Amino acid sequence: PALRADVVTIFPDYLAPLRLSLIGRAARTGILDLAVHDLRTWTHDRHRTVDDTPYGGGAGMVMKPEPWGEALDALVPAGADPRPRLVVPTPSGRPFTQAVAVELAAEPHLVFACGRYEGIDSRVAADAATRMRVDEVSIGDYVLNGGEVAVLVMLEAVVRLLPGVVGNPASLTEESHAAEHDGLLEGPVFTKPTSWRGLDVPPVLLSGDHGAIARWRREQALERTRRVRPELAPAPLEGRGLEGLT
Ligand code: 6GU
């Protein structure tokens, strides 16, 4: 397979959508080797306990280190080279972006550790760092109940980049955030009919003039990016009367 992915969670059913659609097909065709594991496999008490109260006090519970340590020992072969990447979804992580997705898609082995409650005892990441590259990642500035949905998001973004997963590879370079489009957002798209409910497809798209179409699309992408994500738009040219050339 192009990618081996292990997901450890106390809610394996949350990851069921990975069997559907494009990711599901990638797993069935052998491009992706995906395994979802129940963290409680690595508990030994009658109640299969995975959490405990936080040292120092505070609300909520913290995930105990022992089951996580045993899980990672079982899933990561000793002396693996390159060292597998341990992705830990957390709202306090570095931002997950298309560039991070591209980075992760180049790895042979990813392990995702889904925390719940107030997070995982911090010694788990410290211990794992001796044999894995630990990457704490956030999918956005909001709080989820656990890392499972974040893993669905990250795996969807990563797996579609693997060779052979998306039918037409041009789809990958023509979309929002693609490096080929300077990270701009994609502009509006249209299909048949040319007129619908009194709304017409912009005539330039019917013109057959590929240069004019490319310029129009770039202008639309720039306008949309400036309007909804100004921080992603290129800085306007300044001085020497060059303002407004783009
Ligand atoms: Cl990656 N995990 C959790 N639990 N909450 C989040 C998140 C991740 N990203 C934003 N909120």
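Guide: With residue classes: Ala, Val, Leu, Ile, Met, Phe, Trp, Tyr, Cys and Pro count as nonpolar, Asp, Glu, Lys and Arg as charged, and the others, Gly among them, as polar. By these classes, the shell around the ligand has eight nonpolar, five polar and no charged residues. This is a predicted model, in which local features need pLDDT of at least 70 and side-chain atom pairs count only at pLDDT 80 or more, while totals for chains, interfaces and linings use all residues. Residues are numbered from 1 along each chain as its sequence is written.

Visitor: Which residues around the ligand come nearest?
Guide: A residue is near a molecule or strand if its C-beta atom, placed from the backbone, lies within 6 Å of it. Of the 13 residues around the ligand, the nearest are Pro89, Pro91, Ser138, Leu144 and Ala150. Two or more residues of the shell come from each of strand 5 (85–95) and strand 7 (133–138). Strand 5 gives the largest share, three residues. Helices (H or I, at least four residues) and strands (E, at least two) are DSSP runs, numbered from the N terminus.

Visitor: How many bridges join strand 5 to strand 7?
Guide: Two strands pair if DSSP finds at least two bridges between them. Strand 5 and strand 7 run parallel and are joined by seven bridges; Val88 has Glu136 of strand 7 as its bridge partner. Strand 5 also pairs with strand 6 (residues 109–113), in the parallel sense, over three bridges. There, Val87 is partnered by Phe112.

Visitor: Which residues does the UniProt annotation "binding site" cover?
Guide: UniProt positions are given in the numbering used here, feature names are shortened, and annotations may be inferred rather than shown by experiment. The unreviewed entry lists Gly115, Ile139, Gly140, Asp141, Tyr142, Val143 and Leu144 as "binding site".

Visitor: Why is Gly115 buried?
Guide: A residue is buried if 20 or more other C-beta atoms lie within 10 Å of its own, exposed if 12 or fewer, and partly exposed in between, with C-beta atoms placed from the backbone. Gly115 is buried because 25 other C-beta atoms lie within 10 Å. This glycine sits in the loop between strand 6 and helix 4 (123–128). Leu144, in the loop between strand 7 and helix 5 (148–159), is partly exposed because it has 16 C-beta neighbours inside 10 Å.

Visitor: What is Gly115 in contact with, leaving aside its neighbours within four places in sequence?
Guide: Contact means that the C-beta atoms of two residues, placed from the backbone, lie within 7 Å. With those neighbours left aside, Gly115 is in contact with Met63, Val88, Thr90, Ile120, Gly146 and Gly147.

Visitor: How is the chain divided?
Guide: Domain bounds come from an automatic or database domain assignment. Here they give domain 1 (3–159) and domain 2 (175–232), whose C-alpha centres lie 37 Å apart.
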